[in-house]
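Student: I have a model open and want to learn how to read it. Where do we start?
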Amino acid sequence: MKILVVEDNESVCSMIEMFFMKEGYQGEFVHNGLEGYDRFRAGDWDLLILDWMLPGMDGVSLCKKIREVSNVPIILLTAKDTESDQVLGLEMGADDYVTKPFSPLTLMARIKAVSRRFKQDISIHESPYLETEHFKISKETREAFLNSEKVTSLTPKEFDLLFFFIQNPRQVFSREQLLDKVWGYQYYGDERTVDVHVKRLRKKIGTEEQPFIHTIWGVGYKFDENTN
């Protein structure tokens, strides 16, 4: 992960840099808000850490200016611990804030959490579809495509079952686990219900040579697009 840190306290920078090295992060440190904006525009960053109180341009103004051109994740470091200050920082576009003095472990945890949320948001907004070699399926639109052809005959539960299998390729699930994961805790049904739905689903999406959903005798079922 490539992170730009704009912080004028060199001892704080040294501490952060030490923990970056432990995590394998690549950090660059600048000590002035205006210089920080120039470095931001010149580089390709995975995340920014901005101190609130900076010479040249304060961190909140810098955050607002960056948000005009980028949605890169931003964490504010601030000695201001009032609720109004924290709200202001978030309203200016920060994704999170860490109040000084802070534990480096807390900062590392916030970096990982913000980065993880950002990657999930990118995945969701880029495409609502989960795609594999043969399938394209969306839980949001409840559409499923097999080799680019829309599968229109799925019942709601067959769709849920297919989506779950595609989410968990090559993992073996017992009938009880499938009832739990697909039908839910409140479903009080016979495990043969799973067998019936799997049989119907196979007829709609598979062939004898390529069933997609494979029976693991004595255990349950797994989804595998390999024919072997």
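Student: In what order do the three strands of the open sheet stand?

Tutor: Note that this is a predicted model. Strands of a sheet pair through backbone hydrogen bonds, either parallel or antiparallel. Here the order is β10-β12-β11, and the pairing is antiparallel. β10 (173–174) and β11 (213–216) stand at the edges. Each has a single partner strand, so one side of each is left without a neighbour in the sheet.

Student: How many bridges join β11 to β12?

Tutor: Four. β12 covers residues 220–223. Within this pairing, Thr 215 stands opposite Tyr 221.

Student: Which helix lies across β11 and β12?

Tutor: Helix α8, residues 192–205. It runs at about 140° to β11.

Student: Now the rings. How many aromatic pairs does the structure hold?

Tutor: A pair of aromatic rings is described by the distance of the centres and the angle of the planes. The structure holds nine such pairs. One of them is Phe 159 with Phe 163: stacked, 6.4 Å centre to centre, 20° between the planes. The two residues are four apart in helix α6 (residues 156–167), which means about one helical turn separates them. Both Phe 159 and Phe 163 are buried.

Tutor: Phe 212 and Phe 223 are also stacked, at 6.4 Å and 20°.

Student: Where do Phe 212 and Phe 223 lie?

Tutor: Phe 212 is in the loop between α8 and β11, and Phe 223 is in strand β12, so the pair ties together parts 11 residues apart in sequence. Both Phe 212 and Phe 223 are buried.

Student: Which residue lies over the face of Tyr 37?

Tutor: Lys 65, at 4.9 Å from the ring centre.

Definitions and conventions: Residues numbered from 1 in each chain as written. Predicted model: local features only at pLDDT ≥ 70, side-chain atom pairs only at ≥ 80, totals over all residues. Heavy atoms only, no water. Pairing = 2+ DSSP bridges. Contact = heavy atoms within 4.5 Å. Axes fitted to C-alpha atoms, helices over the stretch in contact; angles between N-to-C directions. Phe/Tyr/Trp six-rings, centres within 6.5 Å; stacked < 30°, edge-to-face > 60°. Buried < 20%, exposed > 50% of the residue type's maximum accessible area, 1.4 Å probe, protein only. Lys NZ or Arg CZ within 6 Å of the ring centre and 35° of its normal.
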